[in-house]
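Dear colleague,

I am handing over the structure we spoke about, with the sequence alongside.

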Amino acid sequence: TGMSVYSPMFGVIYNPRSIHWSDYEPVTDSNGNIRQFEPALGVATNVLWSFYQKGNDDYTDRINGLVSLKYEFTDWLSLQGRYGLDHYSRETTQWYNPGASGLTRTNGGDGKYVVSNNSFTEVNADFLLVAQKDNLFDSKFSGSLSLGGNIMNRQTKNLSSTALGFIIPGLYNLSNSEDPITSSNSYYNKQMQSIYAFGQLSYD
């Protein structure tokens, strides 16, 4: 976003309008630190810094679909079944080079590399048995009766690992971490099962 210290818009908003785009290069000084234009802010205000010093990759695979079948036993009795699937897996990597003024080591001031894997799966399946008939037993009564059931299963998995500081500058790999690698993972599963019935009776 524009208010993020990693965003080019942050520098655009806070820097004097008299600074030409070409003035932002080179991005770093002879010591490898970011060249600042508003040092009093204590954050990275070189608008090109995020282009050269931060990057990310995002790979997402997704599949979703619905299958529906209906069988009519007679003209008044039918059965329908449906199955729906929504699944995606996502892998993201983010890297931050050292030299961002105002950022702590934890936030990436000395370099940071993050790898995340996320997956989501939701399955919905249901059936519906319907009996509907007019003039029941040759009377003026008509009616219908439905019996159905549904099962929903939702599952998410998340795994993330972070490397802080680079042993070899510019090598974006977890094994290149100066600090011990920190990891977090989470798992969530929710299942709902239901069965229902409803009927209707009319007289004409």
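Does Pro26 count as buried or exposed? In this model, which is predicted, Pro26 has a relative accessibility of 53%, and because the cut-off for exposed is over 50%, Pro26 counts as exposed. Pro26 is placed in the loop between α1 (8-14) and α2 (49-53), where, once residues up to four places away in sequence are set aside, Pro26 touches Arg35 and Asn46. Asn46 lies 20 residues from Pro26 along the chain, and the C-alpha atoms of these two residues are separated by 9.8 Å.

As for the chain as a whole, there are two helices and five strands, and their order along the sequence is α-α-β-β-β-β-β. The chain has 204 residues, of which 29% are buried.

Thr92, which has its place in strand β2, is buried, with a relative accessible area of 14%; apart from residues up to four places away in sequence, Thr92 touches Asp57, Asp58, Val114, Val115 and Ser116. Asp126 is found in strand β3, and with a relative accessible area of 18% this residue is buried as well, because the cut-off for buried is under 20%. The side chain of Asp126 makes a polar contact, at 2.8 Å, with the side chain of Arg82. Arg82 is also among the residues in contact with Asp126 when neighbours within four places in sequence are left aside, the others being Gln80, Gly81, Gly149 and Asn150.

Next, the aromatic residues. The structure holds five aromatic pairs, and one of them is formed by Tyr71 and Phe73, whose ring centres are 4.9 Å apart and whose planes stand at 80°, so that this pair is edge-to-face. Tyr71 is exposed, with a relative accessible area of 52%, whereas Phe73, at 45% relative accessibility, counts as partly exposed. Phe166 and Tyr172 likewise form an edge-to-face pair, with 5.6 Å from centre to centre and 75° between the planes. Of these two residues, Phe166 is buried, having a relative accessible area of 7%, while Tyr172 is partly exposed, with a value of 26%. Phe166 and Tyr172 also belong, together with Trp95, to one aromatic cluster.

The largest pocket has a volume of about 170 Å³, and the elements that give two or more residues to its lining are β1 (54-72), β2 (77-96) and β3 (112-133). The residues that line this pocket are Lys70, Glu72, Thr74, Asp75, Trp76, Leu77, Ser78, Gln80, Leu128, Val130 and Gln132. Sorted by class, the lining has four nonpolar, four polar and three charged residues.

With best wishes

Methods
Residues numbered from 1 in each chain as written. Predicted model: local features only at pLDDT ≥ 70, side-chain atom pairs only at ≥ 80, totals over all residues. Heavy atoms only, no water. Phe/Tyr/Trp six-rings, centres within 6.5 Å; stacked < 30°, edge-to-face > 60°. Buried < 20%, exposed > 50% of the residue type's maximum accessible area, 1.4 Å probe, protein only. 1 Å grid on protein atoms, 1.4 Å probe; cavity = no way out; pocket = protein on both sides within 12 Å on 5 of 7 lines; lining within 4 Å. Points joined across faces, edges and corners; volume = space filled by probe spheres on them. Helix = DSSP H or I, 4+ residues; strand = E, 2+ residues; numbered from the N terminus. Nonpolar A, V, L, I, M, F, W, Y, C, P; charged D, E, K, R; others polar. Polar contact = N/O pair within 3.5 Å; in protein donor to acceptor, adjacent residues only side chain to side chain. Contact = heavy atoms within 4.5 Å.
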